[in-house]
Amino acid sequence: MVILIKQSSGIKSSEITPKSIYLNRRRFMQRSLAGSVLLGMNAMLPAWAKPWEGIANSAFSTSEKPNTLEAITTYNNFYEFGTGKSDPSKNARNFTPRPWSIAVEGECARPGVFDLEDFIKSETIEERIYRLRCVEGWSMVIPWAGFSLADMLKKFEPTSKAKFVEFTTLFDKSRMPGQERRVLNWPYVEGLRIDEAMNELPIMAVGLYGDVLPNQNGAPIRLVVPWKYGFKSIKSIVKIRFTETQPSTTWNIAAPREYGFYSNVNPAVDHPRWSQAKETRIGEPFWKPKHKTLMFNGYGEQVAKLYEGMDLKKFF
Ligand SMILES: Nc1nc2c(c(=O)[nH]1)N[C@H]1C(S)=C(S)[C@@H](COP(=O)(O)O)O[C@H]1N2
Ligand SMILES: [Mo]
């Protein structure tokens, strides 16, 4: 059963309902949806659940056709909810991404612990249609809703010692059952060099297809770095830390020969066990030829300058 509550035009329910009540109502809605056999249910949460109003278009969007919501929400990598592609859509159904706070730490003048809603409210939400290229050889086109990572980071006033930014996923076995198994070194950690993080492309995504982020895609907030392999785009973030030294990242710890810190989409550098020259677009019929993988996933104009003079075979 699907209950959809439509808000009356022009009035935000956050204005007519005290915040604590609408947050509880939202939690109730999620529970009542949890038993549904339909996939991608969270994307059907009522409009009042969205912590933003308008959504702007971004000049950085690709003109390629986005994948369907069905594909985007049923073919996932999110090991906290299982290692199979269809595991997250099933095992993340009961996950409640509220209340949620984000700790900002390390080399910055304004560290703190922030409530998610406050975090989002001061940002401009845009739709950015980005390719996501997984290191496993598949890709998707996803209409994200999010805001500029750089704009957000600047508000914490990183110091001159802030050379990297480290991101950490929630660690809570009771809410993320996949963490019972030590398939990865929990919590999941990722990182960017500060100039990569300050580039105009990365976003903090809080939604897709105009609605709140489905659990399996990293609710309530995840990183999207379109020129890097998908695993850099860490989900369900609870901590952001500015550091002087390069963070050790989960996949680099798991298999250092296979997953480097940079992880730029690079058709010229093979994964030790397979070629990275081509990719399969999820949702296309099996007889369609694979797509050629583009250097930096096609975003070279914006990011190639970050790596000038670096040997990208060494810094893979
Ligand atoms: N916390 C966390 N973040 C994660 C992962 C994960 O297992 N745990 N998987 C990564 C990988 S390998 C990919 S390809 C993308 C997949 O994002 P999607 O499921 O929204 O398409 O999420 C990345 N972020
Ligand atoms: Mo991936």
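Predicted model: local features only at pLDDT ≥ 70, side-chain atom pairs only at ≥ 80, totals over all residues.

Biologist: Is Asn 264 buried or exposed?

Modeller: Asn 264 counts as buried, because its relative accessibility is 7% and the cut-off for buried is under 20%.

Biologist: Which residues does Asn 264 touch, leaving aside neighbours within four places in sequence?

Modeller: With those left aside, Asn 264 is in contact with Glu 196, Trp 227, Lys 228, Tyr 229, Phe 296 and Tyr 307.

Biologist: What does the side chain of Asn 264 do with the side chain of Trp 227?

Modeller: The two side chains make a polar contact at 3.1 Å. Along the chain Asn 264 and Trp 227 are 37 residues apart, yet their C-alpha atoms are separated by 6.1 Å.

Biologist: OK, and where is Ser 263?

Modeller: Ser 263 is also in the loop between α8 and β12. Ser 263 counts as buried because its relative accessibility is 3%.

Biologist: What does the side chain of Ser 263 reach?

Modeller: The backbone oxygen of Gly 260, at 2.6 Å. Setting aside neighbours within four places in sequence, Ser 263 has contacts with Lys 228, Tyr 229, Phe 231, Lys 232 and Phe 316. Lys 228 and Tyr 229 are on the contact lists of both Ser 263 and Asn 264.

Biologist: Switching to the ligand. Which residues come nearest to ligand 1?

Modeller: There are 16 residues around ligand 1, and the nearest are Asn 76, Tyr 79, Glu 80, Ser 233 and Lys 235.

Biologist: What distances do you get for the polar atoms?

Modeller: An N or O atom in the side chain of Asn 76 is 2.8 Å from an oxygen atom of ligand 1. For Tyr 79, a polar backbone atom is 2.8 Å from an oxygen atom of the ligand. Ser 233 uses a backbone N or O atom, which lies 2.9 Å from a nitrogen atom of ligand 1.

Biologist: How much of the accessible area of ligand 1 does the protein cover?

Modeller: The protein covers 98% of the 540 Å² of accessible area that ligand 1 has on its own.

Biologist: What's the shell around ligand 1 like by class?

Modeller: Seven nonpolar residues, six polar and three charged.

Biologist: New topic: how many aromatic pairs does the structure hold?

Modeller: The structure holds 18 aromatic pairs. One of them is Phe 114 with Phe 156, a tilted pair with 5.2 Å centre to centre and 50° between the planes.

Biologist: Where do Phe 114 and Phe 156 lie?

Modeller: Phe 114 is in strand β3 (residues 112-115) and Phe 156 is in the loop between α6 (149-154) and β6 (164-169), so the pair ties together parts 42 residues apart in sequence. Phe 114 is partly exposed, with a relative accessible area of 26%, whereas Phe 156 counts as buried at 7% relative accessibility.

Biologist: Which rings link into a cluster?

Modeller: Ring pairs link Phe 164, Phe 261, Tyr 262, Phe 296, Tyr 307 and Phe 315 into a cluster. Phe 296 and Tyr 307 are also among the contacts of Asn 264.

Biologist: And the protein as a whole?

Modeller: The protein has nine helices and 13 strands. Of its 316 residues, 53% count as buried. Among contacts with a separation of 6 or more, 72% involve residues 24 or more positions apart. The accessible surface comes to about 14500 Å², and 54% of that belongs to carbon and sulfur atoms.

Technical notes: Residues numbered from 1 in each chain as written. Chains lettered and ligands numbered in written order. Heavy atoms only, no water. Buried < 20%, exposed > 50% of the residue type's maximum accessible area, 1.4 Å probe, protein only. Contact = heavy atoms within 4.5 Å. Polar contact = N/O pair within 3.5 Å; in protein donor to acceptor, adjacent residues only side chain to side chain. Helix = DSSP H or I, 4+ residues; strand = E, 2+ residues; numbered from the N terminus. Near = heavy atom within 4 Å. Areas by Shrake-Rupley, 256 points an atom, 1.4 Å probe, with all protein chains shown as cover. Nonpolar A, V, L, I, M, F, W, Y, C, P; charged D, E, K, R; others polar. Phe/Tyr/Trp six-rings, centres within 6.5 Å; stacked < 30°, edge-to-face > 60°.
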